[in-house]
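Me: Could you walk me through this model? I would like to begin with the pocket and then move to other parts.

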Amino acid sequence: TVTYLDDGTVMLSDYRGDEESIIVPGEVNAKSVTVIESNTFANHAELKSVILPDSLIEIKSNAFINCNNITNVQFGNSLEIIGNGAFSSTKIESINFPESIKEIGDVAFCWNPIKELNIPHNLEVVHASTFSCLDIEFLDVPGNIKNIEDEGFSDCKLLQEVTMEDGVEVIGESAFEECDVLEKVTLASTVTEIVSSYPSTTLPSESPTRIVSIPASSNIFAVV
């Protein structure tokens, strides 16, 4: 289905095809495709590969949820927003985000066998469970990320080491809960708050000997 938007572009929705590989067009009826509507490709188990156009700006919530045979997604270079649950429960193993990305919603890539994660440099928040249940072993959180929300990276069962660059300020509740083999976490000196109702919820309690490195310049501990 094609919906004409007020800005003169179009939104695609309600995909009814059965192809294994699709190339989403950049134009329909001479109008740029800028939005994929919520649930457009949801539950299409036959899908294995998706190529998205450079014209695309937003992928709305659950657009590809439960497409559990997708292994390859190629984003266009203008994409700014990926909605809640958009690629939850697929088989994506690697992903290259364009630098245009500004927001990735809750649970957007949860339950994927992603082995390597490069967080976009225009992103400021890792929302709740955005990158939960991945197969990453090492994680670098760049300084553009100010806030890791609740369960942002929880249940990444293979995660061994996390390094945070200066700029990260808040680590939310259960951010790394159930990352059972996490051995080393290097905090940014800019971290001011680690949210936790219980001592075990932000970092896993049942794990190998763990080193949490806190920079000498950190102000995480208040001076009284």
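This is a predicted model: local features need pLDDT of at least 70, side-chain atom pairs count only at pLDDT 80 or more; totals for chains, interfaces and linings use all residues.

Me: Which element gives the largest share of the lining of the largest pocket?

Reply: That is β12, which supplies 3 residues to the lining of the largest pocket.

Me: And how much space lies in the largest pocket?

Reply: The space in the largest pocket comes to about 160 Å³.

Me: OK, switching to the core. Which residues of the largest nonpolar core touch the most other members?

Reply: The largest nonpolar core has 58 residues, and those touching the most other members are Phe64, Phe75, Ile82, Phe109, Met164 and Phe176. Two or more residues of this core come from each of β2 (10–12), β5 (31–36), β12 (138–141) and β14 (161–164).

Me: Take Ile82, then. What does Ile82 touch, not counting residues up to four places away in sequence?

Reply: With those sequence neighbours set aside, Ile82 touches Ile59, Phe75, Phe87, Phe97, Ile101, Glu103, Ile104, Gly105, Ala108 and Phe109.

Me: Ile59 is on that list, so where does Ile59 lie, and is Ile59 buried or exposed?

Reply: Ile59 lies in strand β7, which covers residues 58–59. Ile59 counts as buried because its relative accessible area is 0%, and the cut-off for buried is under 20%.

Me: What is Ile59 in contact with, leaving aside neighbours within four places in sequence?

Reply: Apart from such neighbours, Ile59 is in contact with Ile36, Leu52, Phe64, Phe75, Leu79, Ile81, Ile82, Gly83, Ala86 and Phe87. As for Thr34, which is 25 residues from Ile59 along the chain, the C-alpha atoms of the two are separated by 8.6 Å.

Me: How many bridges join β3 to β6, and which residue in β6 does Ile22 stand opposite?

Reply: There are 3 bridges between β3 and strand β6 (residues 49–51), and the two strands run parallel. The residue in β6 that stands opposite Ile22 is Val50.

Terms used
Residues are numbered from 1 along each chain as its sequence is written. Side-chain values use heavy atoms; hydrogens and water are left out. Two strands pair if DSSP finds at least two bridges between them. Helices (H or I, at least four residues) and strands (E, at least two) are DSSP runs, numbered from the N terminus. A nonpolar core is a set of buried Ala, Val, Leu, Ile, Met, Phe, Trp, Tyr and Cys residues joined through side-chain atoms within 4.5 Å. Buried means under 20% relative accessible area, exposed over 50%, partly exposed in between (1.4 Å probe, protein chains only). Contact means heavy atoms within 4.5 Å. On a 1 Å grid over the protein atoms alone, a cavity is a set of points where a 1.4 Å probe fits but cannot get out, and a pocket is an open set with protein on both sides within 12 Å along at least five of seven lines; lining residues have an atom within 4 Å of a point. Grid points are joined across faces, edges and corners, and a volume is the space filled by probe spheres set on the points.
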